[in-house]
Amino acid sequence: MIKDTLGVSNFSKNSFITKLILHTSIVINIKKTYFRMENNRVKNIRKELLSDDWYVLNKLTFDYQLTDKTWVTQSRECYDRGNGAVILLYNKKKKTVVLIKQFRMPTYINGNKRGYLIEACAGSLDGDNEKDCIIKETEEETGYRIKKVEKILELYSSPGSVTEMLYYFIGEYTDDMKVSKGGGLVSEAEDIEVLEIPFEEALRMVATGEIKDAKTIILLQYAKINNLIECKN
């Protein structure tokens, strides 16, 4: 007779049920990773893999000390899709910006009737540094080959559940930088429409709700606050 790590007893070692329970326990233990961080109010962090189909979804269970010194056990699901970069392309002379339009399934199932979003060009780092990433993504998605970009911000995209740090860039473009029609990679089935929009029109679209993407609004507001493009108002 045995008693396994899940507290199940009264089965023989040769029992199919016992083998199944023991196997399940082993799998669970393998998928949990224990590690230490630097905040002394957080300890005993356990990470359990829930999914790694597209990106990685983990369940993190940990002990956390409240401000009244009480320790509580909490758990959170954290989606790890890696870090990314985003850029606002702007032209001072023409007073325009380049944005893109593409279908976003998560918005389609949450109130966006057609599922399309107008956004700034962006992409996952996928092993590149942020500058190289955004230069490559800019050409793939918009068709503009730029060399000079400026990083302005580093922000967490959705810190309640997503690990992603997004690096924000701005870059000037001119017509002679256009080397292709853009539209994204065929190999990734990207279907991207490139939009060149007057800057003031883009700001109006934020006010009317036609632009609802947070990273894009942050970049447009940055451009307005820092007078990257002259506006009438």
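Start by selecting K101 and Y116: the charged end of K101 sits over the ring of Y116, 5.8 Å from its centre. "Over a ring" here asks for NZ of Lys or CZ of Arg within 6 Å of the ring centre and within 35 degrees of the ring normal. Next, pick K43 and W71, where K43 lies over the ring face at 4.2 Å from the centre.

A word on what you have open: this is a predicted model, where local features need pLDDT of at least 70 and side-chain atom pairs count only at pLDDT 80 or more, while totals for chains, interfaces and linings use all residues. Residues are numbered from 1 along each chain as its sequence is written, and side-chain values use heavy atoms, leaving out hydrogens and water.

Now show W54, Y55 and Y79, a cluster linked by ring pairs. Rings of Phe, Tyr and Trp (its six-membered ring) pair if their centres lie within 6.5 Å; planes under 30 degrees apart are stacked, over 60 edge-to-face, and the rest tilted. The structure holds 5 aromatic pairs. In one of them, the rings of W54 and Y55 have centres 5.9 Å apart and planes at 80°, so this pair is edge-to-face. Colour by accessibility (buried is under 20% relative accessible area, exposed over 50%, partly exposed in between, with a 1.4 Å probe and protein chains only). W54 comes out exposed at 70%, and Y55 partly exposed at 23%.

On to the salt bridges, meaning a side-chain nitrogen of Lys or Arg within 4 Å of a carboxyl oxygen of Asp or Glu. The whole structure has 12. Select D213 and K215, whose closest N and O atoms are 3.1 Å apart. K215 is buried at 14%, and D213 is buried at 11%.

Then go to D128 and K136, which meet in a salt bridge at 2.8 Å, N to O. D128 is partly exposed at 28%, as is K136 at 37%.

Last stop: E137, in helix α3 (residues 130-142); helices are DSSP runs of H or I, at least four residues, numbered from the N terminus.

Key
Helices (H or I, at least four residues) and strands (E, at least two) are DSSP runs, numbered from the N terminus.
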